[in-house]
Amino acid sequence: MSTEDVEFMVEGVTLDVDADVAAGNHIVIGGPAINAAARAYLGIDMYDVSQAGVEAGEGVARVFEDANSVLIYGYSAEDTTAIVNEVIAGTANFQ
């Protein structure tokens, strides 16, 4: 994965339940507990906390190169805000 700057052309905001995940090209913010698009990218049909992939106080920024998409979420709303701020600051470790 490259660490070079990337520019995005944002065409609009889509609700998670309306996102065409198969088409890709998404920046998804919010974890699988509350976000249907996040569940789809993670391959989760019915969410269980054991599938979160994070513990309390943690966040994840994950790249889906085949879908040209990014998923950003934390264990809690506060953890999601923290990882989003790391992405903005350029200090997040992408998976």
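This is a predicted model: local features need pLDDT of at least 70, side-chain atom pairs count only at pLDDT 80 or more; totals for chains, interfaces and linings use all residues.
Residues are numbered from 1 along each chain as its sequence is written, and side-chain values use heavy atoms, with hydrogens and water left out. Helices (H or I, at least four residues) and strands (E, at least two) are DSSP runs, numbered from the N terminus.

- Three strands form an open sheet in the order 1-3-2, with mixed pairing; two strands pair if DSSP finds at least two bridges between them.
- At the edges sit strand 1 (27-29) and strand 2, each of which pairs on one side only.
- On average, neighbouring strands of this sheet are turned by 10° against each other, direction ignored; the axes behind this value are lines fitted to C-alpha atoms, for helices over the stretch in contact, and angles run from 0 to 180 degrees between N-to-C directions.
- Strand 1 and strand 3 run parallel and are joined by three bridges.
- Here Val 28 has Leu 71 of strand 3 as its bridge partner, while Ile 29 has Ile 72.
- Strand 2 and strand 3 run antiparallel, with six bridges joining them, and Val 63 has Val 70 of strand 3 as its bridge partner.
- Ser 69, Leu 71 and Tyr 73 point one way from strand 3, Val 70, Ile 72 and Gly 74 point the other way, and all are buried.

**Two asparagines with positive phi**

- Most residues other than glycine have a negative phi.
- Asn 68 takes a positive phi near 50° in the hairpin of strand 2 and strand 3, which has four residues between the strands.
- At 54% relative accessibility, Asn 68 counts as exposed.
- Asn 25, in the segment before strand 1, also has a positive phi, near 60°.
- Asn 25 is exposed too, at a relative accessible area of 57%.

**An aromatic pair**

- The structure holds one aromatic pair: Tyr 41 and Phe 64, in a tilted arrangement with 5.1 Å centre to centre and 40° between the planes.
- Rings of Phe, Tyr and Trp (its six-membered ring) pair if their centres lie within 6.5 Å, with planes under 30 degrees apart counted as stacked, over 60 as edge-to-face and the rest as tilted.
- Tyr 41 belongs to helix 1 (residues 36-42) and Phe 64 to strand 2 (residues 59-64), so the pair links distant parts of the chain, 23 residues apart.
- Tyr 41 and Phe 64 are both buried.

**The second largest pocket**

- The second largest pocket holds about 180 Å³ of space.
- Of the 15 residues that line this pocket, Gly 31, Ala 33, Gly 74, Tyr 75 and Ser 76 are the closest to its centre.
- On a 1 Å grid over the protein atoms alone, a pocket is an open set of points with protein on both sides within 12 Å along at least five of seven lines, and lining residues have an atom within 4 Å of a point.
- Grid points are joined across faces, edges and corners, and a volume is the space filled by probe spheres set on the points.
- Strand 3 (69-74) and helix 2 (77-89) each supply at least two residues of the lining.
- The lining has 10 nonpolar, five polar and no charged residues; Ala, Val, Leu, Ile, Met, Phe, Trp, Tyr, Cys and Pro count as nonpolar, Asp, Glu, Lys and Arg as charged, and the others, Gly among them, as polar.

Notes
On a 1 Å grid over the protein atoms alone, a cavity is a set of points where a 1.4 Å probe fits but cannot get out, and a pocket is an open set with protein on both sides within 12 Å along at least five of seven lines; lining residues have an atom within 4 Å of a point. Buried means under 20% relative accessible area, exposed over 50%, partly exposed in between (1.4 Å probe, protein chains only).
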